[in-house]
Amino acid sequence: MSAPKEKKNVALFVTCLVDLNRPSVGFAAVKLLEAAGCTIMVPEVQTCCGQIAYNSGDKESAKEIASQVIRAFQGFDYVVAPSGSCAGMVRHHYKELFEGDDTMMVAIEELAGRTYELTSFLHDICGYRPEDVRLDTTLTYHDSCSSLREMKVRDQPRALLGAVEGLEIKEAEDREACCGFGGTFCLKYSEISESMVDTKIENLLASGAGTLAAGDLGCLMNIAGRLKRRGAPMKVMHVAEILAGMGEKPGLGEGDS
Amino acid sequence: MQVTSRRFKDSAHEALHDKDIQSAFSKVKGGFPVARAKSAGELPEFEDLRDQARDLKNHILENLDYYLEYFEDQVLLQGGRVHWCSSYAEAREVVLDICRDANAKTVTKGKSMITEEMALNEHLSAHGIEPIETDLGEYIIQLAHEHPSHIIAPALHKTKDQVTELFHENHGKYGFTERITDPQALVNEARSILRDKYVNADVGITGANFLIAETGSTVIVTNEGNGDLTQSLPKTHIAVSSIEKVVPTLEDASLFLRLLARSATGQEMSVYTTFSTGPKRMEDIDGPANFHVVLVDSGRSDLLGSDKQDLLRCLKCGACMNHCPVYQAVGGHTYGWVYPGPIGAALNPHMVGLEESRHLPNASTFCGRCEEVCPVRIPLPKIMRHWREQAFETQVTPKPERWGIGIWAFFAKRPKLYRLMTRVSARALKLMAGKKGVIRKLPLMKGWSSVRDFPAPEGTTFMDQWKKQQREGK
């Protein structure tokens, strides 16, 4: 049976962290996109967006990986990632990576124009609003730097979360500040990263919320890992999981039991 | 000044464990950024002005030779002199010669980053001329034999108690023997000492926020008025400026002035904005008899036409560091050379060498706040990334890092192998975590586990689960 014509043909860019660490975020994204009227495909040759190489100065590797992404996501109406960081890499940085390469630029511009971060895609393009999703908790939302500043995602996740019944959003202070993840930054400059994540955590805890949500798994793993190390009781979830009605499952770093 | 950027990690460690530094710099975020946001928000055309300022700076940089020569012509017409210096050494000698011609024993100084770059104070002192910093912050750190930790608030790292001690140690010779702690009293004490210095100085040296080509004027902005006294009381005024400070007209200067203080401190204008045009004329009541402008290149013209030319748009407002979470965490001295924060991370590698300063462009999360607030929209993260690329290409990046990226990229470029690698990793990490849900020690990722637990993977990758579902028809 073929899909009705108006269905958007969406390729899910799973992203490397979701694929390896928290597949449930990918399945939450699929569930949400389907509910929003999309047909989902998951191209098999995808691995990563290449940002690790790009930000480490290894431009050649980044270019090869980017080329792989560009090929993998040809022919879909949209490419959607449950991450502002990876979507931002595809939408904004591939152009810089191939600056001066006119043959590549056509494909890059075309891909950039149809690549979205998940919550902004659901909200802005699909006009989606969660229905019959309930989660009785207080929640604070962390804006990842890439989502906020590269992809201009700020109000969309909050609007979607606002439709979850029983959920109360408590905004934290200085919510636009970086959590100190920064990809390999948190490995290379761990002490500075520690100071940054601690500042972030103080603000998150002071919000009084029981749950933290964000749209980027990198930030979430960093914050959850530090919360666990400090023994601070705050549940950490990807925003897609909450919106897809999976808010009851264990948060990051909580195990199965 | 000695470059200590190689010690970045050690300096960061020390700064992170220094209570005074932590208390001083953690306060930055509640101060300048809040004031900037308010002041920018109150000016509806603020974002448009930023675009105009960026475009105008670009135009100036594309015609820099023209405007500099235009500026020189006008300075000469006004009776002043212009000295072109390609290096710090040359600029130091020029300034020293002028001071010697004036038989100078003491010189007063307004706040200036370029003289900090060229280590002018050390040079003058070594030749028997005493430089006296007159900006209060600069005065404090001069007493402490330190360097600025912020480009507009140089003594940001100093606590009130430290200032009390410094003044107590140094002001006895002026008859101030009491140990005072009240901030206003401290200011008054410094002021009364500096008054005499202004009057007795043989030469006054200032920087320049702008050089105006059409009038041959130099412009400084201050909040203390110290610059005015420095440049108008002594017989000789030397304005030292880097070459990119030139702007075509007074009108153009006003565009930048509307952005400068708002971006820096959140003020609409600094308290004093002072234009100096040539030496004292016959009919002038006061002013210097001699007016010199020392133009310093020192590597700047090498940036023209490069992928880092945008750096030359910098107005030196400090907004990038005010908003930088790394700067807020480690303070200014950690960066190890004149410019701290994002502008330092992007500029210093050019000025002192990438090998010396490779940490600076790497120690950023690319959070993007610096670019978001830069009044002339310098793409600071992009320039830092270019340094990373250069470091990688020229093997300045340490081998373990290169290997790490290499191994990861090897798999990322081969989806089938990558699937196998992630399948094994997801299972192994899950096993390591057991029921706890976290791994406390990761031998190959100590940078992670020295600070955080590692949230364990769910165990089977998304791709494997997805394929299984597809095979089973969901």
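Me: Which residue just after H12(A) takes a positive phi?
Reply: In this predicted model, that residue is A:Gly231, with a phi of about 70°.

Me: And how far apart are the end C-alpha atoms of H12(A)?
Reply: They are 20 Å apart. The helix has 14 residues, which at 1.5 Å a residue should span 20 Å, so the two values agree.

Me: Is H12(A) mostly covered or mostly open?
Reply: H12(A) is mostly covered, with 12 of its 14 residues buried. Among them are A:Leu217, A:Cys219, A:Met221, A:Arg226 and A:Lys228.

Me: Now the domains. Where are the bounds in chain A?
Reply: Domain 1 of chain A covers 8-123, and domain 2 covers 132-243. Their C-alpha centres lie 22 Å apart.

Me: How many residues of the two domains are in contact?
Reply: In chain A, 26 residues of domain 1 are in contact with 22 residues of domain 2. Helix H2 (23-35) and helix H5 (84-97) are among the elements that give two or more residues to the domain 1 side. That side of domain 1 has 11 nonpolar, 13 polar and two charged residues.

Me: Back to phi for a moment. What is the phi of A:Thr15, and where is it found?
Reply: A:Thr15 has a positive phi of about 80° although it is not a glycine. The residue is found in the loop between strand E1 (8-12) and H1 of chain A. Most residues other than glycine have a negative phi.

Me: Is A:Thr15 buried or exposed, and why?
Reply: A:Thr15 is buried, because 28 other C-beta atoms lie within 10 Å and the cut-off for buried is 20 or more.

Me: What about B:Arg377, buried or partly exposed?
Reply: B:Arg377 is partly exposed, with 18 other C-beta atoms within 10 Å. Its phi is near 50°, again a positive value in a residue other than glycine. B:Arg377 has its place in the loop between H20 and H21 of chain B.

Me: Staying with chain B, what do the buried residues of H17(B) pack against?
Reply: They pack against several helices of chain B, including helix H15 (319-322), helix H16 (325-330) and helix H21 (380-393). H17(B) is mostly covered, as 11 of its 12 residues are buried. The helix reaches 15 Å from its first C-alpha to its last, close to the 16 Å expected. Just after H17(B), B:Gly353 takes a positive phi of about 100°.

Me: One last pair. At what angle do helix H10 (residues 160-170) and helix H11 (residues 183-200) of chain B pack?
Reply: They pack at an angle of about 35°, with their axes 11 Å apart. The crossing of H10(B) and H11(B) is left-handed.

Me: Which residues meet there?
Reply: From H10(B), B:Lys160, B:Val163, B:Thr164 and B:Phe167 meet B:Pro183, B:Leu186 and B:Glu189 in H11(B). By class, this contact has four nonpolar, one polar and two charged residues.

Methods. Residues numbered from 1 in each chain as written. Chains lettered and ligands numbered in written order. Predicted model: local features only at pLDDT ≥ 70, side-chain atom pairs only at ≥ 80, totals over all residues. Helix = DSSP H or I, 4+ residues; strand = E, 2+ residues; numbered from the N terminus. Expected span 1.5 Å × (residues − 1). Contact = placed C-beta atoms within 7 Å. Domains from an automatic or database assignment. Nonpolar A, V, L, I, M, F, W, Y, C, P; charged D, E, K, R; others polar. Axes fitted to C-alpha atoms, helices over the stretch in contact; angles between N-to-C directions. Left-handed = near helix turned anticlockwise from the far one by under 90°.
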